[in-house]
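Reader: Hi! I'm new to this one, could you walk me through it?
Author: Happy to, just ask away.

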Amino acid sequence: MTRLCDHCDQPATVHETVIKTGVAHEVHLCADHARAHGYVLPATTGAAVSITQILQAAQQSQPRAPERTIRTCPSCGMTIANLQAVGLLGCPDCYKVFEELLSGVIQRAQDGASIHVGRHPAQAATLIDRAALRNRLAKELREAVSSEEYERAARLRDRLSSLGTAGDDDLGATLNTPALP
Amino acid sequence: MKAIDRSVFYDSDTPLGDVVLSSRVRLARNITGYPFVNRAAPDQLTEVMHRVQSSQLGSVFEHGTRWVNLQSSDVSDRGMLFERNLISKPFSEGTHPRCVALSADGCASIMVNEEDHLRAQIYAGGFKLHALVGSMTQLDRSLERSLEFAFHPRFGYLTACPTNLGTGIRMSVMLHLPALRILDELEKMRRAAKELKLAVRGLHGEGSDAHAELFQISNQITLGRSEEDLLEEFAGVIVPRFVEYERQARQRMLETDALETTDRAHRALGVLRSARILTLEAAFKYLSRLRVGVALGIIDSVAMSTVNRLLLEVQPAHLARIRSIPASAADDDRAARATHVRATLDG
């Protein structure tokens, strides 16, 4: 059920637990009352999500440019400034290059979701199974080593090496992201 | 363009057909190895076109496929396709290499090089989302046999805009909401839609006006939910809820002022049957009033499918096609529109 604003009958969009003198109070506010109480809300244009606005807000909220931040996609030449201007990515690799900036953007655009659920391409499904298996075997290997079960560890290592490395899973540049969430 | 003149567009014989004018499912996909459309060079876009044209489209297109190259097609073809929502406005007006595949029944299209390399759409009159999602799954599987789509283990199918990520599926229905407008409850509807993370648009999608009290609602969330869950939520819960809002408003309208409601429908039919001049705006207005009259049983001399058909045929490119004249010459022929409406209603 939708929770209403503490101050009117509009649906609440800001929810917060405030602890005052050791007692927790729940606060639920509609957009108008949230602004009136000093909450900073993202600007919206009707029902549609403005990616350019979210991107600009996301970059402003990021810590000052660390040296290693890549600002241009090596595959298509897309820059952050361009991305913010057009609101579109330039190629599949942009999702890796700008991943840090994008993950918050994606969550906001997609109602908090950040992980795909649903159909996979047949080839990618195989890759995902393989990546998941590799992660599981690696975890078991670590456990086997720490509990000094060396024979089991050797078997696990053999199985792991038979699966190849993450780089072998290349189905084009888009699928190089090795670890699954 | 005979191939797209099929009555399947006007079908109203579906459970929620009194309010749901049409249903549509759209799928966004990009081919690996190429930049997205906004960063691709013309020769790369041409190559993408050739790759899609040589791939298997499967059962949705089994009765034949017509490819229209947008760079060489004439303006009335583009107008027809746009009025039927088979292509988008930016796609219709672009200048880069792009084409569209049309199924023989005119209900499915694949825009190649719209915002994404492929934007497939399947469309039907009335409320048929379950069947459409099934057909779209088949089409996706067929395409995948010859094309490798950009996919990320975490983000799913990759699209130029992050709002389409994940499944890449968007479902929408065109809703006829005259009673909600008359009772001044559209704002309530918009708020409910926003709360449910739905986009509300006009007759021709993004940025278009709500002609004839027609509103398109679609799911905005494409990531983190499976195709089945999205369908279950949208078609099973959300659409019936909006239909119910409108039905209740129609009943309230009838109970509050039966005479005025009845008069409005009959007056609309009178104008449409008699007018010698009809602007597009007026045609939409009176067809909308007639449609609600037919839905409420006030008017029984006109079939709902006829009203649905006229809602398409009064639009400029359709009207020009019916009159066999180029769309550019017909600009907005108010007299021809009135003649066509009279002939259809009297026939």
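Reader: Let's start with one residue: is Glu148(A) buried or exposed?
Author: Glu148(A) is exposed, at a relative accessible area of 57%. Here buried means under 20% relative accessible area, exposed over 50%, and partly exposed in between, with a 1.4 Å probe and protein chains only.

Reader: Where does Glu148(A) sit?
Author: Glu148(A) lies in the loop between α6 (122-146) and α7 (150-162) of chain A. Helices (H or I, at least four residues) and strands (E, at least two) are DSSP runs, numbered from the N terminus. The phi of Glu148(A) is near 60°, a positive value in a residue other than glycine.

Reader: And what about phi in general?
Author: Most residues other than glycine have a negative phi.

Reader: What is the phi of Lys197(B)?
Author: Lys197(B) has a positive phi too, about 60°, and is not a glycine. Lys197(B) is found in the loop between α6 (186-195) and β9 (198-201) of chain B, and counts as partly exposed at 35% relative accessibility.

Reader: Before we go on, what kind of model is this?
Author: This is a predicted model, where local features need pLDDT of at least 70, side-chain atom pairs count only at pLDDT 80 or more, and totals for chains, interfaces and linings use all residues. Residues are numbered from 1 along each chain as its sequence is written, chains are lettered from A and ligands numbered from 1 in the order in which they are written, and side-chain values use heavy atoms, leaving out hydrogens and water.

Reader: What is the mean pLDDT of chain A?
Author: The mean for chain A is 70, and 58% of its residues reach 70 or more; pLDDT is the predictor's confidence in each residue, from 0 to 100.

Reader: Switching to chain B, how many helices and strands does chain B have?
Author: Chain B has 13 helices and 10 strands. Of its 347 residues, 59% count as buried.

Reader: What are the spans of chain B?
Author: The C-alpha trace of chain B spans about 65 × 45 × 30 Å along its principal axes.
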